[in-house]
Each structure stands twice: as structure tokens, then as C-alpha cells.
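This report covers salt bridges, backbone geometry and selected contacts. Please keep the sequence and model in view while reading.

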Amino acid sequence: MSKHTPGPWRVPNRIPTDVVDSNEDRWIADCQVSVNGAPREQQEANARLIAKAPEMYAMLKSREFSFDDRHADFYCDWCHNTASQGHQETCRLAAILKGSQ
């Protein structure tokens, strides 16, 4: 699996249903193409949400393990395992992070 295009991504003013990288030399997504005929406002909202994906990923990655004074270790807020234990197989955060790499 290849890695995603690095952020930041943005929605250009001239085409508010597209998502491009910050240099506008790579097209990321076109939210105007809609199977269900979504209204223009929804297409633009979808583009804005997709454009935030790299920032959301970075935020999730930075919060993968938080320090817990009680255990004197880092632990996952989602599956409650420590960093030394690693994530549980059913940890949703681990699945999201793994699927985005």
C-alpha cells in the first residue's frame, strides 16, 4: 500500500468542490462527482472535510498513546493497552492509523 499525498490539503477558491495539495500541483479529490445527486453545499462541505484529513490523521497519531501517571506508562485511550503492550487486535484507533499509512 502506498502512502497518501502529504498535507496540507486545501479547497481552492476557484473550484470549491475539489481538494488539492497546498501547492495545487496534485489533485486529491473531486467532490462534485456525486452518485446520489448531493446538493452543491453538501459537495463543498465534503471537500472541506476531506481537505482536513491530513490534519486529523496527524492529531490521531499524536494521541495514539497518552501518558498515564497511574501506570507510569503511555496507554491508548481507545483500547486501554499500554504502549509496551501494543494495541489490542480490536482497537479502532490502531485500525484507522494502520489503514491510513
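## Contacts of S22

Beyond its neighbours within four places in sequence, S22 is in contact with P8 and R10 (contact means heavy atoms within 4.5 Å). S22 sits in the loop between β2 (18–21) and β3 (27–30). Strands here are DSSP runs of E with at least two residues, helices are runs of H or I with at least four, and both are numbered from the N terminus. The C-alpha atoms of S22 and W9 are 5.3 Å apart, although 13 residues separate the two along the chain. S22 counts as partly exposed, at 36% relative accessibility. The cut-offs are under 20% relative accessible area for buried, over 50% for exposed, and partly exposed in between, with a 1.4 Å probe and protein chains only.

## Basis of the model

The model is predicted: local features need pLDDT of at least 70, side-chain atom pairs count only at pLDDT 80 or more, and totals for chains, interfaces and linings use all residues. Residues are numbered from 1 along each chain as its sequence is written, and side-chain values use heavy atoms, leaving out hydrogens and water.

## Backbone features

What kind of peptide bond joins G7 and P8? The bond is cis, with omega about 0°. P8 belongs to the segment before β1 (9–10). P8 is also one of the contacts of S22.

H80 is not a glycine, yet its phi is positive, at about 70°. The residue lies in the loop between β5 (73–75) and α3 (92–99). Is H80 buried or exposed? H80 is exposed, with a relative accessible area of 56%.

## Salt bridges

How many salt bridges does a search of the whole structure find? The search finds three. A salt bridge is a side-chain nitrogen of Lys or Arg within 4 Å of a carboxyl oxygen of Asp or Glu. One of them pairs R40 with E44, at 3.1 Å from N to O. Both residues lie in helix α1 (residues 40–51). They are four residues apart, about one turn of the helix. R40 is partly exposed, at 36% relative accessible area. E44 is partly exposed too, at 21%.

E55 and K52 form another salt bridge, with their closest N and O atoms 3.4 Å apart. E55 is partly exposed, with a relative accessible area of 45%. K52 is partly exposed as well, at 43% relative accessibility.

K61 and E64 also meet in a salt bridge, at 3.1 Å from N to O. K61 counts as partly exposed, at 36% relative accessibility. E64 counts as buried, at 14%.

## Surroundings of E64

Where is E64 found? E64 lies in the loop between α2 (53–62) and β4 (66–68). The side chains of E64 and K61 are joined by a polar contact of 3.1 Å. A polar contact is a pair of N or O atoms within 3.5 Å; within protein, one must be able to donate a hydrogen and the other to accept it, and residues adjacent in sequence count only if both atoms are side-chain atoms.

Which residues does E64 contact, leaving aside its neighbours within four places in sequence? They are Y75, C76, H87, L93 and L97. E64 is buried, with a relative accessible area of 14%.
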